[in-house]
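Here are my notes for a first look. Please read them beside the model.

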Amino acid sequence: MKPIQKIGLLLLGLLAACQKDFLDERADRSLMVPSSKEDFQALLDHYVDVMNWATTGFSVETDEVSIADGGIPSSAMLYFHFYTWQDRQYLPTQVPANWQFAYRQIYYANVVLEGIEKIKNDPAAGALRGSALFFRAWAHVNLLQLYAPPYQGAKATQLLGVPLRLTTNINEKATRPSLETCYQQVLGDLLEAAELLPERSSLINRPSQAAAWALLARIHLIRQNYQAALEASTRALNLQSDLLDFKTVDASKSQPFDDPIVSPHPEIIFYACNMISSVSTNALYRVDSTLFDAYGAGDLRKAIFFNANRNVKASYLGRATRLFGGLATDELYLIRAECEARLDRPTEARTDLLTLLEKRYQAGKLPELSALQGEALLEYILWERRKELYLRGLRWQDLRRLNLEPRYAVSLHRQFEGKSYVLPANDPRYTLLLPDDEVAAYGLAQNPR
């Protein structure tokens with residue numbers, strides 16, 4: 001049986017398991033229920049449709065993009081609601097794709113975690129458990145960035161998180177534990193995964209130790225634990241630190257980067273694709289003009305990632321219709337540089353920043369950073385995050401955490417089709433509404449408005 005056929009049967013089996021009754025009791029259930037290490041690996045390798053989606057690609061709600069009048073057709077009104085920060089973003093019976101995909105990833109991860117107990121003496125069981133723990137953490141933390149409030153240490157035990165799904169029991173009542181409980185579960189899953197996974201994976205859709213530490217670094221940054229983020233980013237970079245020299249990239253190509261599944265990209269630690277739509281690929285969807293102008297003289301990223309009309313033309317996944325949302329070394333250098341700046345280590349922060357920028361600028365055009373100190377250095381690093389990590393789904397996370405600091409808080413403003421819209425810093429709309437059906441079914445507390 002071909003691998004893709006086997007995956008298809010496994011997915012059918014999982015869909016059946018999500019019903020109160022199996023679709024057909026007469027079916028050969030041995031073909032439908034994963035039971036071997038090959039079955040479990042096949043489930044975790046289903047990267048195209050399930051496991052390797054990054055469900056936080058909310059760039060349309062941030063200051064990364066500008067959509068001209070007429071850029072949102074009537075068939076895509078959901079994106080009108082996103083773009084203009086409307087409270088009602090879904091029909092009452094509609095399940096948001098971000099929610100649906102994340103909990104599907106969690107369910108498949110739990111299938112593997114429970115199933116490998118039957119083969120726990122197999123040498124492959126440890127790595128399979130590590131991979132499943134990583135994917136479960138990946139999905140839960142992505143949900144937290146959308147459906148739970150921004151992390152605030154002093155309030156984290158009082159604020160509500162998202163439903164944690166730690167078993168395959170679909171009849172288990174969903175609850176909303178505290179934000180702190182959710183983050184501790186995610187951190188625990190990743191720390192265990194880091195002990196079980198290989199240092200680096202031969203396939204970028206599979207997790208590794210480097211990926212676990214990279215995700216830990218991102219989470220600690222979200223939680224404003226800068227010492228822990230510094231340590232985690234260092235551990236990840238000790239395992240994988242390669243950077244692509246953009247001087248070797250042909251910006252004249254319509255697709256400057258190759259598909260990393262076919263031709264590995266040296267910076268990618270973990271492959272994931274952000275959710276996209278027809279709106280994000282039309283000519284009226286552009287990079288924000290202020291951000292576009294921030295790419296200064298000699299900055300190679302401007303011509304590589306955008307055309308002259310400010311349209312996106314490139315992603316680390318190759319064509320611009322598939323946007324990278326995974327983990328990469330460039331993000332790690334920026335996490336470490338920010339933490340070093342915040343911890344009053346300006347020399348180290350400038351060193352990490354220059355390590356990255358040397359690969360992003362033309363020869364002889366590298367910015368002079370030696371005089372940058374204190375807040376000026378931190379502001380420079382934060383702008384580099386915006387330029388380097390464009391459309392990765394990270395700006396939404398950054399706005400949520402930085403708005404908690406008055407010096408970096410921003411209100412977003414838009415003009416669209418004759419009306420003005422504003423999203424103030426720390427507005428409740430930075431936390432999305434839970435799906436109505438989920439609220440009704442389990443009696444979950446809805447996010448405030």
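1. The lining of the largest cavity has 10 nonpolar, one polar and three charged residues. Ala, Val, Leu, Ile, Met, Phe, Trp, Tyr, Cys and Pro count as nonpolar, Asp, Glu, Lys and Arg as charged, and the others, Gly among them, as polar. The model is predicted: local features need pLDDT of at least 70 and side-chain atom pairs 80 or more, while totals for chains, interfaces and linings use all residues. Residues are numbered from 1 along each chain as its sequence is written, and side-chain values use heavy atoms, without hydrogens and water.

2. This cavity is lined by 14 residues. Phe305, Ala314, Ser315, Tyr390 and Arg392 lie nearest its centre. Strand E6 (314-315), strand E8 (323-324) and helix H14 (374-388) each give two or more residues to the lining.

3. The largest cavity holds about 130 Å³ of space. The count is six cavities of 30 Å³ or more. A cavity is a set of points on a 1 Å grid where a 1.4 Å probe fits but cannot get out, and lining residues have an atom within 4 Å of a point.

4. Now the helix pair. Helix H6 (residues 125-147) and helix H8 (residues 209-222) pack at about 25°, with axes 11 Å apart. H6 and H8 are therefore roughly parallel (angles under 35 degrees).

5. Which residues of H6 meet H8? They are Phe134, Trp138, Val141 and Gln145. Their partners in H8 are Ala211, Ala212, Leu215, Arg218, Ile219 and Ile222. By class, this contact (heavy atoms within 4.5 Å) has eight nonpolar, one polar and one charged residues.

Methods
Axes are lines fitted to C-alpha atoms, for helices over the stretch in contact, and angles run from 0 to 180 degrees between N-to-C directions. Helices (H or I, at least four residues) and strands (E, at least two) are DSSP runs, numbered from the N terminus. Angles under 35 degrees count as roughly parallel, over 145 as roughly antiparallel, 65 to 115 as roughly perpendicular and the rest as oblique. On a 1 Å grid over the protein atoms alone, a cavity is a set of points where a 1.4 Å probe fits but cannot get out, and a pocket is an open set with protein on both sides within 12 Å along at least five of seven lines; lining residues have an atom within 4 Å of a point. Grid points are joined across faces, edges and corners, and a volume is the space filled by probe spheres set on the points.
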